[in-house]
Amino acid sequence: MWAGKKTCKLQRFYCNWQKGGSYIIFKIKCDVQFIWGLGVAPDEAECYDVYGLDEELLEMVPKPVLAVLFLYPLTSQSEEERIQQDSSLKEPSGGVYFMKQTVGNACGTIGLLHAVGNITSKIKLMEGSYLDKFYKSTANMNPTERAAFLENDREMEVAHSVAVAAGDTEAIDDVATHFICFTCVDGELYELDGRRAGPISHGASSATTLLQDAVKVIQKIIEKNPDSNSFNVIAISKKI
């Protein structure tokens with residue numbers, strides 16, 4: 001049960017497929033097919049739902065965990081806090097792959113790009129795949145330039161078409177939730193959200209404690225929304 005109190009209605013990974021200048025939102029029911037379709041080698045990493053935040057349930061998640069994706073509801077309080085915190089954020093660390101989100105309803109896509117972009121030294125991308133070319137093309141860009149590159153990249157339409165065709169999907173019209181990513185870079189836990197001014201550091205972390213460290217931050221967010229069940233945690237784990 002979530003936070004040891006209640007069962008959470010699971011919501012799946014949201015991504016966006018650009019078509020005709022607008023974004024169609026899909027609820028991807030098979031995230032692993034999505035990342036494989038974009039270029040993560042099937043024998044390198046896999047997505048796992050985290051069914052609860054209690055320690056015994058966290059232990060069920062295959063290790064090592066490379067990144068954590070978190071879905072939570074957007075509220076007036078969360079938006080006010082975002083604006084206040086952004087005023088004091090520093091420039092991104094040189095070791096953190098971070099990009100801005102300039103397209104509406106693209107948080108799932110940005111979350112995935114943040115997750116994989118910070119673990120390319122730990123997993124192999126298929127040569128010539130969408131992700132392989134995307135990261136090579138944007139490696140020396142700043143966060144705003146990366147956002148512009150994605151916004152104008154028509155190959156994303158094709159990449160999403162392949163990924164969506166590989167899984168069980170349904171189109172949805174309303175998204176009042178948002179995805180962010182947690183990852184460990186150079187021994188530090190970072191929260192990555194393309195709507196923010198930059199990466200948010202949450203202190204020391206490691207490859208072995210990433211999931212537990214991220215959950216500590218996640219629990220605080222959940223506590224601010226006690227009446228909502230629109231949360232989901234997805235771990236991207238290295239396949240051993």
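# Reasoning about salt bridges, strands and a helix

Tutor: In this predicted model, salt bridges link Glu127, Asp132 and Lys136 into a network.

Student: What makes the pair Glu127 and Lys136 a salt bridge?

Tutor: The N to O distance between their side chains is 3.1 Å, and a salt bridge asks for a side-chain nitrogen of Lys or Arg within 4 Å of a carboxyl oxygen of Asp or Glu, so the pair qualifies. Both Glu127 and Lys136 are exposed, a word that stands for over 50% relative accessible area.

Student: How many salt bridges does a search of the whole structure find?

Tutor: The search finds five, and one of the salt bridges in this structure joins the side chains of Lys238 and Glu44, with 2.7 Å from N to O. Lys238 belongs to strand S9 (residues 232-238), whereas Glu44 sits in the loop between helix H1 (31-38) and strand S3 (45-50), so this contact ties together parts that are 194 residues apart in sequence.

Student: Why is Glu44 called buried?

Tutor: Its relative accessibility is 10%, and buried means under 20%, so Glu44 counts as buried.

Student: Which residue forms a salt bridge with Glu46, and what does the pair tie together?

Tutor: Glu46 forms a salt bridge with Lys239, and their closest N and O atoms are 3.4 Å apart. Since Glu46 lies in strand S3 and Lys239 in the segment after S9, the pair ties together parts that are 193 residues apart in sequence.

Student: Why is Lys239 called partly exposed?

Tutor: Lys239 has 32% relative accessibility, a value that lies between the 20% limit for buried and the 50% limit for exposed, so partly exposed is the term that applies.

Student: What puts the buried residues of helix H6 on the same side?

Tutor: In H6 (residues 143-151), the residues Pro143, Arg146, Ala147 and Leu150 are buried. They cover an arc of only 100 degrees around the axis, and therefore they lie on the same side of H6.

Technical notes: Residues numbered from 1 in each chain as written. Predicted model: local features only at pLDDT ≥ 70, side-chain atom pairs only at ≥ 80, totals over all residues. Heavy atoms only, no water. Helix = DSSP H or I, 4+ residues; strand = E, 2+ residues; numbered from the N terminus. Buried < 20%, exposed > 50% of the residue type's maximum accessible area, 1.4 Å probe, protein only. Arc of directions from axis to C-beta.
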